[in-house]
Amino acid sequence: MSKFSSAPSGPSRRMFLRTGAGLGAAAGLGLWGTTAQAAASIDVVMVNAAISGPLRSVLEGASGGKINDAPWQSTTDVVSRLTAPGGTGRYDLLIAGSDFVRKPIMGPRPGSELVLPLDTAKMPNFGQVADAFKKDVADRDGKVYMVPVFWGFDSVIYNTEQMPESDPFTQSWAPLFEDKYAGRIAWYDAAHQMIMAAGLHLGNPKPEDLDGKDLDEVVRFLISRKKNIRTIWSTFAQGTNLLATGEVACLYGPIPVRAELQRKGFKITNAWPKEGVLSFAHSAFVPRDSKNLEASQAVINAMLGKDYASQVTKASGYLSTSNLGSQDFSPEERKRFGYGVLDGSTKHHGLGFPPAIAKWIEGWNRVKSA
Amino acid sequence: MSDAVLQAGTRPARSFAWPRAERLRKGLLCAYAGLFFLFLYAPIGLLLVLSVNDSEVIGLPFKGTTSRWYAYVLTTPELIRALANSFALGFVSAGIATAIALMMAMGFRREFPLKGLLMKIVLLPILIPGIVGSAVFLVFFGYLEIPFGLWTTALMVHITWALPFAFLTIFPRLHGFDRGLEEAAMDLGATPIVVFRRILLPIIRPGIVATFLFAFTLSFDEFVRTFLVIGTQRTIPVHLWTLIIDQMAPFLPAVGVVIMAVSVSVSLIGFALTPKEK
């Protein structure tokens, strides 16, 4: 008799079937859970700060369900997610930089849009979009596909203990490039933004059109000024910490950096460069195969409504594209937050999308490796 | 004779000079090793210090001791959820990767056509840069219309990532296994399944545990391949990324310490379960 004859005979066919059935049931439950959840929630990709704190409850209240926000990386990333195979059915609402996304989402001709037309009749706050942002509304054949929901701007953000606000030098892009604050400057690791700022500083009226020799001149200028910088920052946490610790006196930064540091009591403010701050808008659009158009429209409408629009600036540093956004602010607050851009009292330049972006990226890489 | 004289003559000189040179060599070696370990572990020590620094910024100077960052980490639902997701995904993906690696390793003990080529294919995910792999998965899952999620796409990505490492860990154990034991069992009438359960498995169990733990740590720390395919859910590395790109997040060092503690604990368990050489 075999020594092993009394031993358990190992996994039987029945056991395999049982395990398979269990896994199938689990997978089925998982899918059911996903489907059941989808009916009550929408999946969005947007700047995380724009749905943080009290802003989330405002938007969830409007959509009537939960908002699942995917991790935000960049506008480029949003376009990649949308244009990847199957990308038009993965999310219900996407919000990203207007200038950059307009072309890829609208496609070259009618019918090639990657997004759904929005029913503005169901978005009563659509009429509140400020005149300054009407250009960011993407429409075709009378249908609206993309609506600007919040905006912001980039500027020189600086520590007032190291750079006095009264210094006229600070009210320009110069601190980032000139010798005065050498060794205490941080640049932002973004080709688009840094070349735009340098172009403005060098007196180019439309830096977004830089190409060829003109672009090369700006790149060479940046390389010549690289000796003045302490570092090139890439994440919000890095930028804010550089300023807060005093490691740098100023940096190129988006306005939420200033907002966060001021909220925490640091003596930080931003310059209002005579060449203009670099402004940008983020617009909302609904991917073509989304099953939650109604809820997504409700969220867009809520973002233009008073509850959200009046809170977004203090909560995130971004500003509302809605006329309702700054109604409750005092003139001093409006100026400080940047709403002067809307009435023309603050000079700004749109962070337009450069047609030669590939050359810009190549040029910026030259700057970084120089 | 002359050689002997020469040797006799040089010996005292050499024995006199040797200790000084040896002392110098040892000193330099110690300094090098000290610097090596300083560069290796000082950042970890700094992370520990910053995690209890009572400051709104991540950095020095040290402004007093606080446990509030740990309290924040352990009481914030999003962080707890991300941590739980990482644990769950790590356990499941490590379990599946280890099981597949074990089966493959058993198969690779035999000779078969294109074995060398297949081995290279198995190890390919190690060679593909993370960001490239991530984009490939994004496109692949898109064509297959697989919904993004922790238990769909992220699980597959983590298994694919951990599998070659699991295979490399477990294959040497099986390769060096004494086939005579299996043959002896079969001579006594054991079926292949019984041989596996009663002979092979008990002997290689420590290797399986070590493989599982290694695969778990790989999954737990994975970010690049996960980011694009996890949809709206978050593992702890993905959640950390979302924090650092739009927050000052002074609690980040505390999160780092918690993650490190998990990885170190898993490694220690692995060491404890690995049989000692006698």
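Of the contacts in chain A with a separation of 6 or more, 73% are between residues 24 or more positions apart, a contact being heavy atoms within 4.5 Å. The structure is a predicted model, in which local features need pLDDT of at least 70 and side-chain atom pairs count only at pLDDT 80 or more, whereas totals for chains, interfaces and linings use all residues. Residues are numbered from 1 along each chain as its sequence is written, chains are lettered from A and ligands numbered from 1 in the order in which they are written, and side-chain values use heavy atoms, with hydrogens and water left out.

Chain A contains 13 helices and 12 strands; these are DSSP runs numbered from the N terminus (helices H or I, at least four residues; strands E, at least two). Of its 370 residues, 54% are buried, where buried means under 20% relative accessible area, exposed over 50%, and partly exposed in between (1.4 Å probe, protein chains only).

Helix 6 of chain A (residues 212–225) has 14 residues, which at 1.5 Å a residue should span 20 Å, in agreement with the 20 Å between its end C-alpha atoms. The expected span is 1.5 Å times one less than the number of residues. Leu215(A), Val218(A), Val219(A), Phe221(A) and Leu222(A) are buried in helix 6 of chain A. These residues cover an arc of only 155° around the axis, which puts them on the same side of helix 6 of chain A; the arc is that of the directions from the helix axis to the C-beta atoms. Their cover includes strand 6 (185–188), helix 5 (191–201) and helix 13 (357–369) of chain A.

Arg366(A) lies in helix 13 of chain A and, at 29% relative accessibility, counts as partly exposed. Apart from neighbours within four places in sequence, Arg366(A) contacts Asp216(A), Val219(A), Arg220(A) and Ile223(A). The C-alpha atoms of Arg366(A) and Lys291(A) are separated by 45 Å, the two residues being 75 residues apart along the chain.

Helix 9 of chain A (residues 293–304) is largely enclosed by the rest of the structure, because nine of its 12 residues are buried. Among them are Ala295(A), Gln297(A), Asn301(A) and Leu304(A).

Asn48(A) is placed in the loop between strand 1 (41–45) and helix 2 (54–63) of chain A. With 9% relative accessibility, Asn48(A) counts as buried. Not counting residues up to four places away in sequence, Asn48(A) touches residues including Asp69(A), Trp72(A), Arg234(B), Thr242(B) and Asp246(B).

In chain B, the axes of helix 8 (residues 192–221) and helix 11 come within 9 Å and cross at roughly 170°. Axes are lines fitted to C-alpha atoms, for helices over the stretch in contact, with angles from 0 to 180 degrees between N-to-C directions. Helix 8 and helix 11 of chain B are therefore roughly antiparallel (angles over 145 degrees; under 35 counts as roughly parallel, 65 to 115 as roughly perpendicular and the rest as oblique). Their contact has 10 nonpolar, three polar and one charged residues. Ala, Val, Leu, Ile, Met, Phe, Trp, Tyr, Cys and Pro count as nonpolar, Asp, Glu, Lys and Arg as charged, and the others, Gly among them, as polar.

The axes of helix 10 (residues 236–246) and helix 11 (residues 252–273) of chain B come within 12 Å and cross at roughly 170°, which makes helix 10 roughly antiparallel to helix 11 of chain B. Ile236(B), Leu240(B) and Ile244(B) of helix 10 meet Leu252(B), Val255(B) and Ile259(B) of helix 11. This contact has six nonpolar, no polar and no charged residues.
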